[in-house]
Amino acid sequence: MKRNLQLMTNNPPGSFPKDGICLVNKPSGITSHDVVYIARKIFKTKAIGHTGTLDPLASGLLILTIENANKLSNYLMDGEKGYEAQIKIGIETDSYDRTGKTISEKDFSKITPEKLKTEILNLQGKLNLKVPSFSAVKVDGKKLYELARNNEEVPVVEREMNFHSVEIVKMEIPFVTVKFKCSKGAYVRSWIQELGRKLGVGATMWELKRDFNAPYEISQSIELEGKTLEEILASDAFIPFEKTLSDWPRLTVNEKELGLLKNGCLARSLENTALKAIKATETLPKGIFIVDPETQKVISFLEVLGPFQIKIKKVFIADQNLDSSQKQE
């Protein structure tokens, strides 16, 4: 049986003090890449990424992955997101936010607070919404925003998006502030555009703040401006590799199981223990960490494909010359 496996010849996660994730409170007015650039200078490494772009207009929680934690990026991206959005009704722009070109302005005087509240609270669940023209979604190899900026025809792309836990924070028509949670790949601007269509007068995103990226809250984050590496590593905003993804089970291994792992094999005893750990969780985790029984450092992680199926995803082995293309048979 073939399994996808990557054998990492660098030191195991946690061997470096910078291995982990950093929860950053991004200010409005800069790009997510700007934040990564600042972090690379502070952490003195180029091995930094993030788990979900925030537009320059938006602020809030941006998760940076550092060194070995980059291997967890896809799993962190899958997490549910939470936002607080300020909306202005009666106006539409080509980008669905206030940075775009105004394409229509309509009288909103007949929109009552009751009407606005009803339409907002009804706009929940799985929705097929139009992806903004100014987005990085690709069609035939071209990003939609590239077509839009070149004044080329932008194809209509719809995507299923899930919005829930919608609540109204403040209402002063034409402005309303709303909080909600949404699925991976959902566009807040698309939700707001659909709200404007339901109201019949248009709506545009005015401000946006991400306050949640499962399982992390914005209250845990830090602003990078003026911070030293030592201050960041000592703060609650920095989470070492072995403490990330707290909903994943942690399992230790015996000598025989570790030996098989080093050769890209999953011992039957470890597989049985892992499946029992999955059954004990409330919701199906995306993975399982395998940790050293003495140091508690991560030496491997398994990917959960279903309630009865797992596979080795990464094995971190120090001081061994192993071919990174080696596959398990």
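1. Helix H5 of this predicted model comprises twelve residues and spans 17 Å from its first C-alpha to its last, close to the 16 Å expected at 1.5 Å a residue. Ten of the twelve residues of H5 are buried, so the helix is largely enclosed by the rest of the structure. The buried residues include Val188, Arg189, Trp191, Ile192 and Leu199. Just after H5, Gly200 adopts a positive phi of about 85°.

2. Phe163 and Trp191 form a tilted aromatic pair, with 6.0 Å centre to centre and 35° between the planes. Because Phe163 lies in strand E11 and Trp191 in helix H5, the pair ties together parts that are 28 residues apart in sequence. Phe163 is buried, with a relative accessible area of 0%, and Trp191 also counts as buried, at 0% relative accessibility.

3. A further aromatic pair, Phe175 and Trp206, is edge-to-face, with 6.0 Å centre to centre and 65° between the planes. Phe175 belongs to strand E12 and Trp206 to strand E13, so this pair links parts that are 31 residues apart in sequence. Phe175 is partly exposed, with a relative accessible area of 27%. The count for the model comes to 14 aromatic pairs. Tyr75, Phe241, Trp248, Phe289, Phe301 and Phe316 form one aromatic cluster.

4. The largest pocket has a volume of about 1,100 Å³. Of the 35 residues that line this pocket, Thr53, Leu54, Asp55, Tyr187 and Arg189 are the closest to its centre. Two or more lining residues come from each of helix H1 (32-43), strand E5 (81-89), helix H4 (144-149), helix H5 (188-199) and strand E13 (203-213). Strand E13 gives the most to the lining of the largest pocket, with three residues. By type, the lining divides into 14 nonpolar, 13 polar and eight charged residues.

5. Two cis peptide bonds should be noted, one at Pro174 and one at Pro215. The bond between Ile173 and Pro174 is cis, with omega about 20°; Pro174 is placed in the loop between strand E11 (158-172) and strand E12 (175-182). The bond between Ala214 and Pro215 is likewise cis, with omega about 5°, and Pro215 sits in the loop between E13 and strand E14 (216-217).

6. Glu67 has phi near 55° and lies in the loop between strand E4 (59-66) and helix H2 (73-77). At 23% relative accessibility, Glu67 counts as partly exposed. Tyr96 has a positive phi of about 70° although it is not a glycine, and its place is the loop between strand E6 (91-93) and strand E7 (102-105). Tyr96 counts as buried, at 8% relative accessibility.

7. Strand E18 (residues 298-306) and E19 run antiparallel and are joined by six bridges, while a hairpin connects E18 to E19 through two residues. Leu302 stands opposite Ile312 in E19. Six of the eight residues of strand E19 (residues 309-316) are buried, so this strand is largely enclosed by the rest of the structure.

Definitions and conventions:
Residues are numbered from 1 along each chain as its sequence is written. This is a predicted model: local features need pLDDT of at least 70, side-chain atom pairs count only at pLDDT 80 or more; totals for chains, interfaces and linings use all residues. Side-chain values use heavy atoms; hydrogens and water are left out. Buried means under 20% relative accessible area, exposed over 50%, partly exposed in between (1.4 Å probe, protein chains only). Helices (H or I, at least four residues) and strands (E, at least two) are DSSP runs, numbered from the N terminus. Two strands pair if DSSP finds at least two bridges between them. On a 1 Å grid over the protein atoms alone, a cavity is a set of points where a 1.4 Å probe fits but cannot get out, and a pocket is an open set with protein on both sides within 12 Å along at least five of seven lines; lining residues have an atom within 4 Å of a point. Grid points are joined across faces, edges and corners, and a volume is the space filled by probe spheres set on the points. Ala, Val, Leu, Ile, Met, Phe, Trp, Tyr, Cys and Pro count as nonpolar, Asp, Glu, Lys and Arg as charged, and the others, Gly among them, as polar. The expected span of a helix is 1.5 Å times one less than its number of residues. Rings of Phe, Tyr and Trp (its six-membered ring) pair if their centres lie within 6.5 Å; planes under 30 degrees apart count as stacked, over 60 as edge-to-face and the rest as tilted.
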